[in-house]
Each structure stands twice: as C-alpha cells, then as structure tokens.
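Open the model in your viewer and keep the selection tool at hand.

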2 protein chains.
Amino acid sequence: MIGRLNHVAIAVPSLESGVATYGGTLGAKCSEPQEVTEHGVKVVFVELPNTKIELLEPIGENSPIAKFLEKNPVGGIHHVCYEVDDIIAARDKLKAEGARVLGDGEPKIGAHGKPVIFLHPKDFCGTLTELEQV
Amino acid sequence: MIGRLNHVAIAVPSLESGVATYGGTLGAKCSEPQEVTEHGVKVVFVELPNTKIELLEPIGENSPIAKFLEKNPVGGIHHVCYEVDDIIAARDKLKAEGARVLGDGEPKIGAHGKPVIFLHPKDFCGTLTELEQV
C-alpha cells in the first residue's frame, strides 16, 4: 500500500539553528522558510536526491509541535510521511484492521496542499506516521 | 555534503510485530530477518521505492538499542542515515566545525559492510544521525 517516503519531519526550536545544521554543517540544499499558518508551523525543506527532510518550527503555543519541543528542547524526529495513491482506501483498510486514525478520521489538506491523515504512534512502531495522497 | 537518505531506522520490541505493521497493515515489501550479531541487532529491511526503513530488534542486553526500547517500549525512530562520498573528509569537516562524533571518532564497518560514523544527537537537531560512505 505505501509508496515513497515523502519526508521525514524534524521539529526544531528555531529554523535558523536547523538550517545552520542541515544547510551549513551537513551541506544540504535548504529552501527558504515558509509559514504554514493553518498548521501552526514554519517549515524549511531540506532537499536530498531521493526525498526530503522537513524542519518544523512552531508558530504559537497551540502549534501541534509545541508540546513535542517542550519534551525535546533541542528538537527531534517528529514524524515520517509515506505516499499513497488513494487516501480514503488507505484509511478504510487501516481502520478495518484496527489501526487508529488521529482526529476525526477524515483526511485534511496537509502542508503540501494534498489530503493527509495521521496514524496513532502506538499502532505504528511508536512512530507518528502520516499518509499523503499524491 | 550529505547525499541520499539511505534509511530511517525504527527500533521495535519484536521484528514479528514490526513486519505485521509494515508488511501487513501498511502493505510494504519486507526482507527476511537478518542477524547482524556484531551490531547487536536483528534487522528487517522495508523496501520503499526511494529508500528503506530498517526495523531493528535488539539481540542481548548490551544491544545498542536495548536502552532505547526500555524508554520507548512500543518502539520508535532510532536514527536516520545519510550517504556521503568520503567518510573521512566528512568526519574531519564536522569535527572542525565542533560537531561531536560518537565513539572514538574512527569509522566502523556498519550493518551494510560500509564505513559509518554516528553523530551526537544534540549537535544534529536532537536526531541520532549516521553517515555511511557509499
């Protein structure tokens, strides 16, 4: 069912330090920061030849990554995202097998403008897992 | 400096449950389990079109992932691995910039038979980061 690894998301306390690490120390190509206000994050895309790393900085106290950074003040891997062809078919298969979809279970429009769902870490090897329809 | 994302490593309490999740629920292609005794792990490769996920189960109490699983009993993302052309040049550049290389700083032969180093999570966005020479 799952296809490509679309991205690995790494929460960082500031994009400036994240870009210093990934663009500077590790010498990867980084995009300009983009605000995705409706998702409560500012994001930089680290472009690797086969996938991307997304560095996420929270916007505001209600950002979905604010609590994660309270527990992990230097940052950390927040989630992985796999591509699927049909998000509704994927969701229905997963639910039928007892996996928990976060929120109300309906796909939302994600940071890339495409439908996404998030799956409960406890059902997926302790890993917050996003599926994105491509 | 860094090239492709070689793999994302996910520690799991048992490969059986990891394969049930990735091969079963998520429908990805999984390899047969392989013991990598010198690294204290059994591993299953989840083959995605653009990269791979490595599911790691500890072998023995001294396994490098045993402590991680004590803190994260359902599993979790353990590290990410990026490819580099020259591991010595990469290490020397990173050390010159103040980044910490784990262990004695000398590349070891990793689970794929290639030279690897591990970098301190606190210097890399809270993420245990492996570099592999390809």
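Which residues touch the most other members of the largest nonpolar core? Select Tyr22(A), Leu131(A), Tyr22(B) and Leu131(B), which hold that place in a core of 56 residues. A nonpolar core is a set of buried Ala, Val, Leu, Ile, Met, Phe, Trp, Tyr and Cys residues joined through side-chain atoms within 4.5 Å; buried means under 20% relative accessible area (1.4 Å probe, protein chains only).

This is a predicted model, in which local features need pLDDT of at least 70, side-chain atom pairs count only at pLDDT 80 or more, and totals for chains, interfaces and linings use all residues. Residues are numbered from 1 along each chain as its sequence is written, chains are lettered from A in the order in which they are written, and side-chain values use heavy atoms, without hydrogens and water.

Stay on Tyr22(A). Beyond its neighbours within four places in sequence, Tyr22(A) is in contact (heavy atoms within 4.5 Å) with residues including Ile10(A), Val46(A) and Leu55(A). Its partners in chain B are Ile2(B), Tyr82(B) and Cys125(B).

Next, select the interface: 37 residues from chain A and 37 residues from chain B. The buried area, meaning accessible area (1.4 Å probe) lost on putting the two parts together, summed over both, is about 3,100 Å², with 68% from carbon and sulfur atoms. Pick out Leu26(A), Asn50(A) and Cys125(A): they supply 21% of the area that chain A buries against chain B, more than any other three residues.

Key
Buried means under 20% relative accessible area, exposed over 50%, partly exposed in between (1.4 Å probe, protein chains only).
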